[in-house]
Amino acid sequence: MERQVDEAGMQHLVVDTGVWLFGRSVLIPAGIVVAIDTGAQTVTVTHTRDEIKGAPRFTLDSQTTEPTYLTEVGNYYATLERSA
């Protein structure tokens, strides 16, 4: 986990995906997080890797706190069924 934002309506993690997504960082809404293992440096979520890969990407780090982008990400995850 690279960082978290805990402001009302903006709760999320930015996670480095390592090798399974070419080392990209992705925004994970806090509502889909099941567990965080700091020792193993893993985050367990309610969605599949493919669903995470399909989520809207941010280009600039500053986008991760923009309401428009956060709404786009929230809407994307709201259309998916929970798999975990």
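Modeller: What follows is a short tour of a predicted model, going from the strands to the core, the aromatic pairs and one loop.

Colleague: Let's start with strand E2, then: how many of its five residues are buried?

Modeller: Strand E2 covers residues 12–16, and four of its five residues are buried, so the strand is largely enclosed by the rest of the structure.

Colleague: And in what sense do E2 and strand E3 pair?

Modeller: They pair in the antiparallel sense over five bridges, with E3 made up of residues 25–29. To give you one place to look, Leu 13 has Ile 28 in E3 as its bridge partner.

Colleague: OK, now the largest nonpolar core: which residues there touch the most other members?

Modeller: That core has 16 residues, and those touching the most other members are Leu 27, Ile 28, Ile 32, Ile 52, Tyr 69 and Tyr 77. The elements that give two or more residues to this core are E2, E3 and helix H2, which spans 67–78, and H2 gives the most, with five residues. As a general background, nonpolar side chains in soluble globular proteins tend to be buried together.

Colleague: How many aromatic pairs turn up in the whole structure?

Modeller: A search of the whole structure finds two. In one of them, Phe 58 and Tyr 69 are arranged edge-to-face, at 6.2 Å centre to centre and with 80 degrees between the planes. This pair links distant parts of the chain, since Phe 58 sits in the loop between helix H1 (49–53) and H2 while Tyr 69 is in H2, 11 residues apart.

Colleague: Why do both of those count as buried?

Modeller: Buried means under 20% relative accessible area, and Phe 58 has a value of 16%, while Tyr 69 is at 5%. As for Tyr 76 and Tyr 77, their ring centres are 5.1 Å apart and their planes are at 80 degrees, so that pair is edge-to-face. Both Tyr 76 and Tyr 77 are buried.

Colleague: Changing topic, where does Gln 41 lie?

Modeller: Gln 41 lies in the loop between strand E4 (33–37) and strand E5 (42–45). Although Gln 41 is not a glycine, it has a positive phi of about 55 degrees.

Colleague: Is Gln 41 buried or exposed?

Modeller: Gln 41 counts as exposed, at 68% relative accessibility.

Technical notes
Residues are numbered from 1 along each chain as its sequence is written. This is a predicted model: local features need pLDDT of at least 70, side-chain atom pairs count only at pLDDT 80 or more; totals for chains, interfaces and linings use all residues. Side-chain values use heavy atoms; hydrogens and water are left out. Buried means under 20% relative accessible area, exposed over 50%, partly exposed in between (1.4 Å probe, protein chains only). Two strands pair if DSSP finds at least two bridges between them. A nonpolar core is a set of buried Ala, Val, Leu, Ile, Met, Phe, Trp, Tyr and Cys residues joined through side-chain atoms within 4.5 Å. Rings of Phe, Tyr and Trp (its six-membered ring) pair if their centres lie within 6.5 Å; planes under 30 degrees apart count as stacked, over 60 as edge-to-face and the rest as tilted.
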